[in-house]
Amino acid sequence: MKSIAIIYGSSTDNTREAAELIADKLADYSPKLIDVSDATVEDFESADVLLLGTSTWSVGELQDDWDVFSSKIKNLKLQGKTIALFGVGDSAGYPDTFVDAIGILYDDFAQTGAQFVGEVSTDGYTFDDSQSVRDGKFVGLALDADNESDLTESRIDAWVNDLKQYLD
Ligand SMILES: Cc1cc2nc3c(=O)[nH]c(=O)nc-3n(C[C@H](O)[C@H](O)[C@H](O)COP(=O)(O)O)c2cc1C
């Protein structure tokens, strides 16, 4: 069984709550749940699988605590590890930058040599543009606590079930 770290950045608790729900769903794997404002390089480098969550702020930017951590990303030794991304945004208020920060983390962590999994179809979402969409899919799980909180749990369930193939 792989070791999992769920590392998140959250300004008004929505991404934290999503991270906690993901941790509950993966309780059998005893994941470590870490706020990125407390995270160390060791937290990233000691896990086999990293589930990384961020909200999007300031119109298409990373959540603040991730922004502070981001200068360390390029030096992380993550070759051979698996990363899955998740993020929370507001598709009605920010339809042109919906969950952009997932795409920013994707680009930042692409330099580390880790393998990304957990892409999600854009079917069922309403937005105009997103940096997190590559080749027609979200590069991670997109959530919208402002407008579609009723869909959060089912979206997490589907994503976690898809991820389980990478966890044994
Ligand atoms: C000033 C401001 C800017 C925002 N910019 C974006 C944005 O560009 N794209 C997006 O999808 N959501 C945007 N949001 C919505 C937040 O990402 C959303 O409310 C999210 O749930 C916050 O999660 P957190 O509590 O984990 O930080 C913005 C919200 C505010 C208040």
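A: A polar backbone atom of valine 88 lies 3.4 Å from an oxygen atom of the ligand, a polar contact being a pair of N or O atoms within 3.5 Å. For serine 11, a backbone N or O atom is 2.8 Å from an oxygen atom of the ligand. Aspartate 146 takes part through its side chain, where an N or O atom is 2.8 Å from a ligand oxygen atom. The ligand taken alone exposes 640 Å², and the protein buries 85% of that; these accessible areas come from the Shrake-Rupley method with a 1.4 Å probe.

This is a predicted model, in which local features need pLDDT of at least 70 and side-chain atom pairs count only at pLDDT 80 or more, while totals for chains, interfaces and linings use all residues. Residues are numbered from 1 along each chain as its sequence is written, and side-chain values use heavy atoms, with hydrogens and water left out.

The shell around the ligand holds 20 residues, and the closest are Ser10, Thr12, Thr15, Ser55 and Thr56; a residue counts here if one of its heavy atoms lies within 4 Å of the ligand. By class, the shell has 6 nonpolar, 11 polar and 3 charged residues, with Gly counted as polar and Asp, Glu, Lys and Arg as charged.

The ligand takes up the space of the largest pocket (more than half of its atoms lie within 2 Å of the grid points). A pocket is an open set of points on a 1 Å grid over the protein atoms alone, where a 1.4 Å probe fits, with protein on both sides within 12 Å along at least five of seven lines; lining residues have an atom within 4 Å of a point. Helix H1 (14–25) and strand E3 (49–57) each give two or more residues to the shell around the ligand (helices have at least four residues and strands at least two, as DSSP runs). E3 gives the most, with 3 residues.

Key:
Polar contact = N/O pair within 3.5 Å; in protein donor to acceptor, adjacent residues only side chain to side chain.
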